[in-house]
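Open the model in your viewer and keep the selection panel at hand. The stops below say what to select and what is there.

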Amino acid sequence: MSTISEIYRQAFVHRVHQLLVWSYGNAAVRVVPNEEEDTITQYIKEEIEKIAQSSFQVNKSQYPEWCKHFLADDQVPISSADRTGKRRLKVDLRLTFHTPSQKVAAFFEAKRLYEHSGTSEYIGNDGMGCFLEDLYPSPFGTAYMLGYVQNKTKKDWEAAIRKAIENKKASLSLIELSSESAINVFDHEWTSHHQKISANEKIIFYHILLDFTCS
């Protein structure tokens, strides 16, 4: 990746993170104990839409003007040669930055982290595997995993997920497991670098844990 492309990637990733910070704060107050994954994602999407709409009000919005260039969608069907109609996979959340001259998106897979579900789903075929198998798009070689923490703590789940990734490093084509994210806007966020299983490409995962324990 060229220096200019990397600078653009970092700026885009940072803005995506900032939108998540704002939308999470607003969505969290709407979530009830043991809320379903799709409902939480819907709330985050709706809050991002409100932020984007608000940013059109020049000199009146608390959010920067660049927010108006983002669109949020949830349960987005992903077309492929062997999956059509109802058989298409659906990515949990997509954030699209669009202007007359450019368009780029961030794709998210979300998983509940609670008593009866957790690390195996997070790192499995329907979690990180969707990106590693190239079933979901990963612009800039970047993918986003959201962990909705509904019991224990973010620290507990970070340790559990890290251990699960290390234990499956061969099947996950792990290159490097970083200690923390360079974006540094969420606590207990980190990155992992992998080789895509189905393509000769590298991919960076941003692992973001959001507290929905409602405590």
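Begin with Asn34, in the loop that runs between helix 1 (3-28) and helix 2 (37-54). This is a predicted model. Asn34 is not a glycine, yet its phi is positive, about 60°. Is Asn34 buried or exposed? Its relative accessible area is 52%, and it counts as exposed because the cut-off for that class is over 50%.

Next, select Gln75, which belongs to strand 1 (residues 70-78). Here too a residue other than glycine has a positive phi, near 55°. Gln75 is partly exposed, with a relative accessible area of 28%.

Now colour the model by confidence. The mean pLDDT of the protein is 91, and 95% of the residues reach 70 or more. Where is confidence lowest, and where is it highest? Helix 1 has the lowest mean, 90, while strand 4 (residues 142-149) has the highest, 97.

In soluble globular proteins, nonpolar side chains tend to be buried together.

Stay with Leu146 and show its surroundings. Leaving aside residues up to four places away in sequence, Leu146 touches Leu20, Leu93, Phe108, Glu109, Ala110, Lys111, Tyr122, Ile208 and Leu210.

The last stop is a group of strands. Select strand 5 (residues 174-177) together with strand 6 (residues 190-195): the two pair in the antiparallel sense, over three bridges. For one of the contacts to look at, pick Leu174, whose bridge partner in strand 6 is His194.

How many bridges join strand 6 to strand 7? There are six, and these strands run antiparallel. Trp190 can be picked here, with His207 of strand 7 standing opposite. To end, follow the chain from strand 6 into strand 7: a hairpin joins them through six residues.

Technical notes
Residues numbered from 1 in each chain as written. Predicted model: local features only at pLDDT ≥ 70, side-chain atom pairs only at ≥ 80, totals over all residues. Heavy atoms only, no water. Helix = DSSP H or I, 4+ residues; strand = E, 2+ residues; numbered from the N terminus. Buried < 20%, exposed > 50% of the residue type's maximum accessible area, 1.4 Å probe, protein only. pLDDT = per-residue confidence, 0-100. Contact = heavy atoms within 4.5 Å. Pairing = 2+ DSSP bridges.
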